[in-house]
Amino acid sequence: MQVKLLSPSQWSSAKERITRFLYRYGDSRLTHAGLAALNDLRASRLTASSRGAEAGAAVAVAIKDGKLAAVAFADDGGERACFVVVSPEFRGQGVGSLLLRALHRKLGRLTCSVASDNPSSMNMCFRAGMKAVSLHTGPTGKPTLRFEH
């Protein structure tokens, strides 16, 4: 499994393919706000880091035998958006955790919110070394855990 962070030029050429992947495998769990943040992502933001004046964004992908297996995205260290989508054939293999760690290395910090009815995503965050720090009501009205790294 190859994990890589997309460069600005790679994002520009892969945006449409990645968007189709998210709608196909996101299982209707992605928030409208998260998808809008990704859709609005300027390629130049992929070069910024959280240590600069403008907080960075990152898109990480996992590829197996030339096939897109998973996508992760975080904007503003995850404060504005953070999500991971893994295709069904690669779920439960730790791919999502690998992508979260890649986002954390790139951005220097990472937060994610996970609805309490999504234990798979909570396990993914824990396996990536994240800690649950608070409970709030998420955008869908569900109890939601905030994870930080």
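The sulfur of Cys125 lies 4.9 Å from the closest cysteine sulfur, that of Cys112, which is too far for a bond. A disulfide is counted when two cysteine sulfur atoms are within 2.5 Å. Cys125 is also buried, with a relative accessible area of 1%. Here buried means under 20% relative accessible area, exposed means over 50%, and partly exposed lies in between (1.4 Å probe, protein chains only). The model is predicted: local features need pLDDT of at least 70, side-chain atom pairs count only at pLDDT 80 or more, and totals for chains, interfaces and linings use all residues. Residues are numbered from 1 along each chain as its sequence is written, and side-chain values use heavy atoms, with hydrogens and water left out.

The count comes to 1 disulfide. This disulfide joins Cys82 to Cys112, with an S to S distance of 2.2 Å. The pair links distant parts of the chain, 30 residues apart: Cys82 sits in strand β4 (residues 81-86) and Cys112 in strand β5 (residues 111-115). Helices (H or I, at least four residues) and strands (E, at least two) are DSSP runs, numbered from the N terminus. Cys82 is buried at a relative accessible area of 16%. Cys112 is buried too, at 5% relative accessibility.

Strand β5 belongs to an open sheet of 3 strands, in the order β5-β7-β6, with antiparallel pairing. β5 and β6 (131-137) stand at the edges with a single partner strand each, so one side of each has no neighbour in the sheet. Neighbouring strands of this sheet are turned by 30° against each other on average, direction ignored. Two strands count as paired if DSSP finds at least two bridges between them. β5 and β7 (residues 143-148) pair over 5 bridges in the antiparallel sense. In this pairing, Ser113 stands opposite Arg146, and Ala115 stands opposite Thr144. β5 is mostly covered, with 4 of its 5 residues buried. Helix α4 (residues 119-127) lies across β5, β6 and β7, at about 155° to β5. Axes are lines fitted to C-alpha atoms, for helices over the stretch in contact, and angles run from 0 to 180 degrees between N-to-C directions.

Strand β4 is part of another open sheet, in which 4 strands take the order β1-β2-β3-β4 with antiparallel pairing. Its edges are β1 (2-5) and β4; each has a single partner strand, so one side of each is left without a neighbour in the sheet. The twist averages 15° from one strand to the next. Strand β3 (residues 67-75) and β4 run antiparallel and are joined by 6 bridges. Phe73 stands opposite Phe83 in β4. Helix α3 packs on this sheet, touching β1, β2 (57-64), β3 and β4, and its direction makes about 145° with that of β2. Contact means heavy atoms within 4.5 Å. Ser97 is found in helix α3 and is buried at 2% relative accessibility. Leaving aside neighbours within four places in sequence, Ser97 is in contact with Met124, Arg127 and Ala128.

The largest pocket has a volume of about 1000 Å³. A pocket is an open set of points on a 1 Å grid over the protein atoms alone, where a 1.4 Å probe fits, with protein on both sides within 12 Å along at least five of seven lines; lining residues have an atom within 4 Å of a point. Grid points are joined across faces, edges and corners, and the volume is the space filled by probe spheres set on the points. The lining of the largest pocket has 44 residues, of which Arg29, Val84, Ser113, Asn118 and Ser121 lie nearest its centre. α2 (32-39), β4, α3 (95-107), β5, α4 and β7 each supply at least two residues of this lining.
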